[in-house]
Protein chains: 2
Amino acid sequence: MNKYWSELAKRLDPYVPGEQPKDRKYIKLNTNENPYGPSPKVLEAIRDCTDERLKLYPDPTCDMLLSAAAEYYGLKKEQIFAGNGSDEILAFAFMAFFDPDRTILFPDITYTFYPVYTSLFNLDYKLVKVTDDFGIPEEEFYNSPGGVIIANPNAPTGKFMSVSSIKRILDNNLSNVVIVDEAYIDFGGESAVKLVDKYPNLLVVHTFSKSRSLAGMRIGFAIGNSELIEALNRVKNSFNSYTLDRLAIVAGTEAFKDNGYFEETRNKVISTRERVTVELCKLGFSISESVANFIFARHNTIKALDMFRELRARGILVRYFKKQRIDNLLRISIGSDEEMDVFLAEVGDIVREN
Amino acid sequence: MNKYWSELAKRLDPYVPGEQPKDRKYIKLNTNENPYGPSPKVLEAIRDCTDERLKLYPDPTCDMLLSAAAEYYGLKKEQIFAGNGSDEILAFAFMAFFDPDRTILFPDITYTFYPVYTSLFNLDYKLVKVTDDFGIPEEEFYNSPGGVIIANPNAPTGKFMSVSSIKRILDNNLSNVVIVDEAYIDFGGESAVKLVDKYPNLLVVHTFSKSRSLAGMRIGFAIGNSELIEALNRVKNSFNSYTLDRLAIVAGTEAFKDNGYFEETRNKVISTRERVTVELCKLGFSISESVANFIFARHNTIKALDMFRELRARGILVRYFKKQRIDNLLRISIGSDEEMDVFLAEVGDIVREN
């Protein structure tokens with residue numbers, strides 16, 4: 001702390017990203033990245049644009065990317081907003097739709113960036129307790145004083161809430177914006193995007209970092225009523241007019257176009273997840289159903305922190321949260337089949353040694 | 001306006017970037033881009049990194065880029081912060097160092113994003129009137145209630161304030177942070193970076209969008225005392241942990257390494273600026289001395305708006321500001337010699353026809 005820091009800088013308790021250690025090569029199952037690289041067509045398009053034109057500012061409206069998204073979802077460009085990863089979009093959305101004097105609601109177990117945003121923007125929030133099997137009690141989100149944010153499927157639990165539940169939450173929040181953070185939706189969940197034409201209070205947030213294999217390019221997008229999108233643009237253009245660089249705009253556009261690659265790789269992740277879930281159960285884990293590219297697992301006898309440390313020593317990173325109610329579980333990203341075979345073999349060893 | 005917008009979203013008056021029209025090909029002298037492309041080594045490095053690794057998150061600390069900057073300036077990594085263009089860094093700095101109840105100071109004629117940030121973050125500000133020849137009255141910035149931000153050289157005037165003036169402003173603001181926005185410093189000004197070891201209240205902000213020819217990649221950096229840099233990191237990690245993508249980190253790093261290309265291209269811009277200034281004076285313009293990659297010019301008989309429109313119709317974009325005190329001047333970015341020859345010929349025609 002320092003006398004030059006603003007009151008805001010002093011009060012913050014920043015987000016801590018999953019570790020990216022450089023001491024050795026790890027099998028990284030800790031940040032929910034996709035094991036398969038981006039579409040070869042995306043890489044080719046980036047290389048084709050890597051020329052003198054990088055001296056010029058990117059298109060601040062990201063028109064090409066919005067058009068590709070609009071075509072993909074059968075929506076209008078005015079219903080779509082592009083940003084530097086879904087985290088940036090969430091930050092803009094908290095600014096655009098939530099007010100300091102109106103309490104917002106989100107689950108007690110969810111993406112740990114949400115409380116960080118409330119601290120940054122000085123917002124009040126109330127945590128809604130998820131059930132013991134991590135279900136989200138829908139009615140608790142009705143009639144929020146100031147808005148709702150729900151990750152669906154939820155993180156780090158992988159638990160999915162049906163679109164009809166989302167619909168009822170929207171119906172019971174007609175004065176508030178309900179943000180549905182669908183970062184992991186492409187791995188088996190049903191998207192709420194289909195509701196945006198009907199609900200002017202719905203904002204759905206997606207990312208290219210998971211199912212589109214582009215975490216390294218920082219691209220996210222939001223879908224909603226054009227007036228909500230206008231508010232996001234107002235905030236963005238008061239913050240930084242050009243948050244996506246030229247190569248990111250091209251990468252996102254091409255990713256939407258190569259649907260074959262997208263379908264193939266996400267289906268591979270889904271089938272690996274199902275296989276690994278079965279194998280881990282045989283090794284003594286309890287796992288609730290996940291529709292994400294990770295599973296949230298508790299071993300019946302070995303403590304999560306011990307398992308986390310043992311795996312790390314063996315060159316495998318998973319995510320451990322030192323947080324009430326979930327400090328005996330591990331979030332395990334789904335890697336390639338080869339990576340998961342190594343992971344399962346090491347877990348098997350650890351289980352036999354304990 | 002819409003009932004779902006926050007009070008913040010309603011009160012904003014967003015920044016308007018220089019136009020990027022798509023109706024025809026223009027000679028773009030309106031957004032201060034560099035006429036020369038990025039270093040060929042930068043382009044090669046980007047292409048070399050365009051592979052499967054883009055599935056992985058970038059390094060949130062941008063360590064490679066900070067190391068290159070530290071080596072370039074002879075500073076420690078802890079004294080440097082990297083961001084998504086200098087606009088994002090300025091936004092973070094306004095959050096990290098300025099408080100709503102303490103008025104900040106900046107010149108009445110300067111980068112038009114500063115008042116936009118004050119609106120976004122609900123800050124009070126007082127404008128300090130620049131002199132009729134656009135000089136910044138140094139003493140007016142002494143003992144600011146809440147901090148100072150100065151663009152040096154100033155935009156859109158191109159006017160430079162000496163480092164000894166900056167030093168006296170720092171000496172007379174020992175309780176406040178003084179941000180010196182040096183976006184255009186490499187085109188002839190003397191940088192205040194040399195003062196950062198001595199002044200814990202100084203933050204210097206730079207960009208890769210001008211002298212490094214990388215506007216399309218969105219890279220900026222700030223230099224200051226490590227405790228100021230820590231505050232910027234706290235804000236960033238409460239907003240979006242990964243604002244620079246993998247290719248931007250590589251591009252910035254390589255740009256620092258290719259110093260020969262940097263020196264060559266910036267010197268070309270400087271000599272073109274000097275030549276164009278002389279020619280425009282012959283055509284009836286009054287131009288105050290600029291040390292930036294643009295000039296700020298007033299014609300002795302033709303109104304700025306008329307000249308702007310005439311040039312636009314002839315395929316040349318310059319920047320016109322509809323703003324008191326400067327609405328009879330044009331900001332003209334320095335293009336290549338070929339572009340500026342076309343520009344001078346068209347201006348000559350317009351002058352003869354009027």
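Two residues are taken to be in contact if their C-beta atoms, placed from the backbone, lie within 7 Å, while helices (H or I, at least four residues) and strands (E, at least two) are DSSP runs numbered from the N terminus. The structure is a predicted model, in which local features need pLDDT of at least 70 and side-chain atom pairs count only at pLDDT 80 or more, whereas totals for chains, interfaces and linings use all residues. Residues are numbered from 1 along each chain as its sequence is written, and chains are lettered from A and ligands numbered from 1 in the order in which they are written.

**Helix H11 of chain B**

A residue is buried if 20 or more other C-beta atoms lie within 10 Å of its own, exposed if 12 or fewer, and partly exposed in between. By this criterion Met340(B), Phe343(B) and Val347(B) of H11(B) are buried. They cover an arc of only 55° around the axis (taken from the directions from the helix axis to the C-beta atoms), which puts them on the same side of H11(B). An α-helix has 3.6 residues a turn, so residues three or four places apart point the same way. On the other side of H11(B), the residues Glu338(B), Ala345(B), Asp349(B), Arg352(B) and Glu353(B) are exposed.

Chain A contains 11 helices and 12 strands, and 55% of its 354 residues count as buried. Its C-alpha trace spans about 55 × 50 × 50 Å along the principal axes. Among the contacts in chain A with a separation of 6 or more, 72% are between residues 24 or more positions apart.

A nonpolar core is a set of buried Ala, Val, Leu, Ile, Met, Phe, Trp, Tyr and Cys residues joined through C-beta atoms within 7 Å. The largest one has 242 residues, of which Ala93(A), Ala251(A), Ala93(B) and Ala251(B) touch the most other members. Leaving aside residues up to four places away in sequence, Ala93(A) touches Ile179(A), Leu203(A), Ala222(A) and Leu232(A).

**How the two chains are related**
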